[in-house]
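Please open the structure in your viewer and keep the sequence panel beside it. The tour moves from one selection to the next and says what is found at each stop.

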Amino acid sequence: MGAYFGLDNMKQPSINLLKDELGRNTWSLLHTMAANFPNNPSNDDQSKATAFINSMARFYPCKHCAADFQEDIVKNPPKVKSRIDFSIWMCEAHNRVNTKLGKTTFKCDINNLDLRWRDGGKKCE
């Protein structure tokens, strides 16, 4: 594993650290994607966003995390009719995971979500 990260001479990180780091980074990507989704997405945009979520759930490297998320999106399919719907759905999905992990949940208010994931911080232009 060390060679994969270019860390041949360093102690390998624990699996839990990698899983936690992967989770944080994945949620950052997903929230940012949802926050920048079109306000009025085309049918193609909606289809591709749903396919992306389904693919991510299928191929996510943490197998039990993937299985859990696959079950969750069957019960709670992605809402991709608008940027706001997708952003709130993503927050609610994240909260369902956090609840299972005993972590803090967040208010899924679009103003707070936009401040965190769309309007705040540096932009990729």
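This is a predicted model: local features need pLDDT of at least 70, side-chain atom pairs count only at pLDDT 80 or more; totals for chains, interfaces and linings use all residues.

Residues are numbered from 1 along each chain as its sequence is written, and side-chain values use heavy atoms, with hydrogens and water left out.

Begin by selecting Trp27, Ile53, Phe69, Phe86, Trp89 and Met90, the residues with the most contacts inside the largest nonpolar core, which has 19 residues. Such a core is a set of buried Ala, Val, Leu, Ile, Met, Phe, Trp, Tyr and Cys residues joined through side-chain atoms within 4.5 Å, where buried means under 20% relative accessible area, exposed over 50% and partly exposed in between, with a 1.4 Å probe and protein chains only. At least two residues of this core come from each of helix H1 (15-35), helix H2 (43-59), helix H3 (63-75) and H4, and H4 gives the largest share, 5 residues. Helices here are DSSP runs of H or I with at least four residues, numbered from the N terminus.

Next, centre on Phe69, which is in contact (heavy atoms within 4.5 Å) with Trp27, Ile53, Met56, Ala57, Trp89 and Ala93, if neighbours within four places in sequence are left aside. A second, separate core of 6 residues can then be picked out, including Cys108, Ile110, Leu113 and Trp117.

Now show helix H4 (residues 83-101) together with helix H5 (residues 110-119), which pack at an angle of about 85° with their axes 10 Å apart. The axes are lines fitted to C-alpha atoms over the stretch in contact, and angles run from 0 to 180 degrees between N-to-C directions. The two helices, H4 and H5, are therefore roughly perpendicular to each other, a term that covers 65 to 115 degrees. To see where they meet, select Arg83, Ile84, Ser87, Ile88 and Cys91 in H4, and Ile110, Leu113, Asp114 and Arg118 in H5.

Stay with Cys91, which counts as buried at 3% relative accessibility. Leaving aside neighbours within four places in sequence, Cys91 is in contact with His31, Phe106, Lys107, Cys108 and Leu113.

Finally, move along helix H4 to Asn98, which is buried, with a relative accessible area of 6%. The side chain of Asn98 reaches the backbone oxygen of Thr104 at 3.0 Å.

Methods. Angles under 35 degrees count as roughly parallel, over 145 as roughly antiparallel, 65 to 115 as roughly perpendicular and the rest as oblique. A polar contact is a pair of N or O atoms within 3.5 Å; within protein, one must be able to donate a hydrogen and the other to accept it, and residues adjacent in sequence count only if both atoms are side-chain atoms.
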